[in-house]
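Try each task before you read its solution.

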Amino acid sequence: MTPTLLGRWQIRLFLLGTVGVIISLAVGLILKDFGTPLFVLLYVFLFGILWDLLYQLITSFRWDRDWPTSFQVAAGIVEGALVFLLLLTGKMPFVPNVPPFLVFLIQYGLIWLTIFVLLQGPMRIFFLNWRYQGGQWLISRKPQPGYSFQQQPVAAPQFAGGNYQQPAAPAPQFAGGNYQQSPPPAFVASNYQQQAAPAPQVIRSSNPDPRQLPGNAAGTPAVQPYVCSCGFASDRAAGKFCPQCGKPKVQQGIT
Amino acid sequence: MQSDAQALNVRLTWSDVVTGEGMELIAPLPVTFGRAGDSTVTLNSNKVSRRHAVLRAQDGGVMLEDLQSTNGTYVNENRITRVPLPSGAGFQVGPFHFIMTVVPAQQQASVPPSQADQPLDRTEAYSQSLLRRFEGAPLNESTLLFSHESGNLMPVAPKEPEEASLPLGGMRQPIIPLSEVYRSRLPVLETTYLAVGGGIGSFAWTDHLRIYGVPAEQIIAIGPEPAPMGRYQRLCGNSQIPLHERLRSNSDSCPDNIWGWPSYGLREIWHSIGQGDFGNAMHVAKHVFGEPVLTDTYTPRSGDVFKAVDREAFRIGWNHIWRQGRGLAIRKTDDGRYVVAYAQTNERGQTVHQFAVARYVHLAMGYPAIRILDDIDEYRKCTQDVKHTVNAYEEHNHVYEYLLKHGGVVMIRGRGIVASRVIQRLYEVRQQNKNVVIIHVHRSPVPVGHQDGHARRRVINHVELQPFNWPKGCWTGSMRLRLERADDQERDRLLNDWGGTTTADRKDWQRIAERGLREGWYQIYFGEVKRLERTDRGQVLTQISTGKPNQPEISLKTDYIIDCTGLTASIDKNFMLKDMVDCYHLRLNPKGRLRVTNDFEVDGMSTGSGRVYASGVMTLGGPHAVVDSFLGLQYAALRSVEDLTRQHAPGLHLLNPLRSFSQWMRWVRCVPPDRGTSTSGAAYAGGLQGLGVNPDHQRR
């Protein structure tokens, strides 16, 4: 997993909010002082938000845009050290008494180790998409620019009675596996044509409505229809299962 | 000026950074290079300035001038401002490497004479001829095709592409009535989910479908080989990756496990500890945690991956899902589904046509062919000698056996990962026979690596280094998101900047190269190979034009030539996909491959509630860069299966965290997905032992 900035922030919020809080409460229970461990956790989180900006900057200098495990370990040590040094100054609000180093080490170390182990793998078992999204749970799925999901009518060459042979006469020289039918305005190295094709002669949807096409069913042997309980009709003889819902075809089907 | 231009035409050859497709352009001087649309050669890359460089005629020669570009123009490793360029010399603009040759004016046959004779308006005629001439048409590349019978590569490319005769009178209609399919009296299979290809891509899709809840009976996969990794395994073996060698794949990319955990690194550590091999366990742990900064990147052993995939194939019932066959054509049916015609080879070796009808179709047909260099192809056709010039993906163990006994000179062409692995293999031979010399021929030097933002790719010995075939962030990180959100032109540009041939940053390989260069048994030459000839003593003579004024041409005598330039995935080489694109007039993506949505649905193929999805190398140029990797195929499968789940496709249920966990537990126990109890004792001994789990405890 190579985290994005939003991924880093979401991981921090989610894992410190769950694992971090639980471990801090446990430490608080032992110390009989819940305030200090929880505020220590809050500082770790707040400084972490800033650290993540630096980490992302470092990532941008790496060709692979990755975050090696060794960096992760180093970052954990540096982050913890900074928070503890700041606590030592005694000037951090809400934490008047500096916690003993051992207590801080146990609290911070346990939290960090748990998160490290979770990030190395087990997280993915629960969230399949998480690793592909750079550690983000929440992700905006913007529609692809310049792209329509449902197919729009596409410019097609002259279309004559099911003959899909390309018209020979005006076709430009075949360029790079590019099946666009108009001559390219200028050569582009990657054989990608930037400009829209000129006004098409015939507009035909690439997804014609099958009901509008003239059927050629005369003289064909009738297919024995089978209507499943889910309402889907298919050929009785083909396959033992309904192609729509997968239920086995039963003998008492409606004919 | 017109007469000057008549006198000097230049021929430029280069290859597409990403697909490796060869390109050629013959044009009169001056020739301009830049990102701007009105350049003679428009180069879509962030590292190319709007007006980058120009080739001009001067004093009867050609002058290359850099137009104060940001990232420079390079000739022989040196950044230049203005140099005379001899014919045959190479230069680099951004990520593109060009070879320029001066051609006599009469060779400029791009303008047909009939066109020129027409009494057209002068300017119009000129612009027309410009258009015709400046279309940098890709060269028709030579390829080796897979034999349909054996699955092996055929040594000489067939003269005519095989025209598969389609049933139903050629399947001319775009919409075929289902009744017509049945009337043909050919066998028809009906199913809900159909995977065409039968390789790793089909397997990943099927695996996701099964884990998302679809029973095996509702899925059919059509492919040439029974094992999902059959062809891949054979190509690995041929390109010198035996079972104990490591693949160029990440520890977390597990084609047998959609969650990617436990990773191959952890499994190998676990397994080594189980065997008492603590040395290897420590070694692997060091790589897993130190990569890629402190140590080389961990990569799994190919044998472990194959074994793990076999186990998962057993678990999901692949043997019930797979049917032997080769996809020929796909058409929409009149009931909103698809019919796929495929050819099956029966026991007597006859090819019979069959149909499969399905509502949801997945196309993952892989690389249709292996690229072979044109000069080698020509040499093979002329001399019928397929022993001394081989492609690295062909079976070529005879080369190493000969060298082990007699020694000799081997030429390597190409600079990718396969070349590195072949050099390692030759080094192993050289340990036993010191008379082995390796000559590495590159078309052009690599003075600087690709750049993107602040980052630059490292180069050692004119080979760019990268742990995997794309930057790691393309799989799961910010680069993946950036590409997904980009438009077509931006995607093309990003792919050009991130792509290119690279090899793994392996210290052992670098040590081999350094030692060889020092001791002289590994030599690097630059230049364009003109032709190959056979000598009387059965050796191969290679004529190389170097483009250097003091030594314009060199010839090298070698015993063997190993072509490591790689695979090709031009859509024209795949009969079924080309037919589909032609029949439905599908738009292609900037790289000339299938255009897919961010959910990997093929644009323009939906009908009724039916959908066609695609994955693998045929979708390169779309939302995902790493389409031909294990994890890339799994990602494509995940996106398309989630898309189907949102459409309430039969059998699919959303994988919430709890269900995901319970399905993962089934994977651990090797129990088929989504069934209350195992059907066949469940425990698959070989696979479980591979995990270090005692199968006896797994029986339920």
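Helices (H or I, at least four residues) and strands (E, at least two) are DSSP runs, numbered from the N terminus. This is a predicted model, where local features need pLDDT of at least 70, side-chain atom pairs count only at pLDDT 80 or more, and totals for chains, interfaces and linings use all residues. Residues are numbered from 1 along each chain as its sequence is written, and chains are lettered from A and ligands numbered from 1 in the order in which they are written.

**Exercise 1.** State how many helices and strands chain A has, and their pattern.

Solution. Count the elements: chain A has five helices and four strands. Then read along the sequence: the pattern is α-α-α-α-α-β-β-β-β.

**Exercise 2.** Describe how α3(A) and α4(A) pack.

Solution. Locate the helices: α3 covers residues 69-88 of chain A, and α4 covers residues 101-120 of chain A. Take the angle between N-to-C directions (0 to 180 degrees; axes are lines fitted to C-alpha atoms over the stretch in contact). The angle is about 150°, with the axes 11 Å apart. Angles over 145 degrees count as roughly antiparallel, under 35 as roughly parallel, 65 to 115 as roughly perpendicular and the rest as oblique. Therefore α3(A) and α4(A) are roughly antiparallel to each other.

**Exercise 3.** Find the partner of B:E528 in β33(B).

Solution. Start with the strands: β32 (residues 528-534) and β33 (residues 540-545) of chain B pair in the antiparallel sense over six bridges. Pairing takes at least two DSSP bridges. The bridge partner of B:E528 is B:S545. Finish at the hairpin: five residues lie between β32(B) and β33(B), and B:G538 in the turn has a positive phi of about 80°.
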